[in-house]
Amino acid sequence: MERSAQRLGRALIVIVDDRVAHGEHEDSVGPLVTELLEETGFIVDGIVAVAGETVDIRNALNTAVIGGADLVITVGGTGVSPRDVTPDATQGVLDRPIPGIAEAIRSSGLAAGAVDGGISRGLVGISGSTLVVNLAGSRSAVRDGMATLSSLVPHVIDELSGLDPN
């Protein structure tokens, strides 16, 4: 990726986990996402932990969009249990979905054996000029999802920023 010398933009990570949000458990996934985003060329503004509540997730996403983040990665809450509401909260924030990227993340997750990545209901889309991506919560799903995103996100960010020459 030639643009690695240039920064792709600013990113924010939202960890959706009740125990992490309440200080009962240490976040082990946020630092992994930070490392992978920085390797891709993003400046990570921070990690925010929220409970798995629709309002909390939506508020974190809206704050990131209003704050001018180029990319928001949510981690967790994408499964099929009643507490997994990240996609539902995200849907209310998105202006335009990008289903192909979400499908690519699910497909590669399943192929790599990251079951939660394969059955994730996670969404990907645009809110304002911010790309929002939902990833499943396991480290393997995060690694695989970020590998899938690494070739796609720079193109989307370029188009959103008006820098894409095409």
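**Basis**

The model is predicted: local features need pLDDT of at least 70, side-chain atom pairs count only at pLDDT 80 or more, and totals for chains, interfaces and linings use all residues. Residues are numbered from 1 along each chain as its sequence is written, and side-chain values use heavy atoms, with hydrogens and water left out.

**Overall fold**

The protein chain holds seven helices and six strands. Helices (H or I, at least four residues) and strands (E, at least two) are DSSP runs, numbered from the N terminus. Read from that end, the order of elements is β-α-α-β-α-β-α-β-α-α-β-β-α. The radius of gyration is 14 Å, close to the 15 Å that the globule rule gives for 166 residues, so the chain is as compact as a globular protein of that length. That radius is taken over C-alpha atoms, and the rule is 2.2 Å times the number of residues to the power 0.38. The C-alpha trace spans about 45 × 35 × 30 Å along its principal axes.

Of the 166 residues, 49% are buried. Buried means under 20% relative accessible area, exposed means over 50%, and partly exposed lies in between (1.4 Å probe, protein chains only). The accessible surface comes to about 7800 Å², and 52% of it belongs to carbon and sulfur atoms. These areas come from the Shrake-Rupley method with a 1.4 Å probe; for residues, only the protein chains shown count as cover. Contact means heavy atoms within 4.5 Å. Among contacts between residues at least 6 apart in sequence, 76% join residues at least 24 apart.

An unreviewed UniProt entry carries the annotation "domain: MoaB/Mog" over residues 12–156. UniProt positions are given in the numbering used here, feature names are shortened, and annotations may be inferred rather than shown by experiment. The span 12–156 is 48% helix and 21% strand, and its end C-alpha atoms lie 16 Å apart.

**The sheet**

The six strands form an open sheet in the order β2-β1-β3-β6-β5-β4, with mixed pairing. Its edge strands are β2 (42–50) and β4 (96–97), each pairing on one side only. Two strands pair if DSSP finds at least two bridges between them. Strands of a sheet pair through backbone hydrogen bonds, either parallel or antiparallel.

| Strand pair | Sense | Bridges | Example partners |
|---|---|---|---|
| β1 and β3 | parallel | five | I13 and I73 |
| β4 and β5 | antiparallel | two | P97 and G125 |
| β5 and β6 | antiparallel | four | V124 and V133 |

V14 stands opposite T74 in β3. Strand β1 is mostly covered, with seven of its eight residues buried. Strand β5 is covered on both faces: V124 and I126 are buried on one side, G125 and S127 on the other. β5 and β6 form a hairpin with two residues between them. In its turn, G128 has a positive phi of about 65°.

**Helices on the sheet**

Helix α5 (residues 99–112) lies across β4, β5 (124–127) and β6 (130–135), at about 145° to β5. Helix α7 (residues 139–161) lies across β2, β3, β4, β5 and β6, at about 170° to β6. Axes are lines fitted to C-alpha atoms, for helices over the stretch in contact, and angles run from 0 to 180 degrees between N-to-C directions.

Helix α2 (residues 30–40) has G30, L32, V33, T34, L36, L37 and T40 buried. Their cover includes β1, β2, β3 and α7. G41 follows α2 and has a positive phi, near 115°.

**Two residues**

T34 sits in helix α2. T34 counts as buried because its relative accessibility is 15%. Leaving aside neighbours within four places in sequence, T34 is in contact with I13, V44 and I47.

R58 sits in helix α3 (residues 54–66). R58 counts as partly exposed because its relative accessibility is 30%. Not counting residues up to four places away in sequence, R58 touches D88, A89, G92 and V93. R58 and G92 are 34 residues apart along the chain, and their C-alpha atoms are separated by 7.5 Å.
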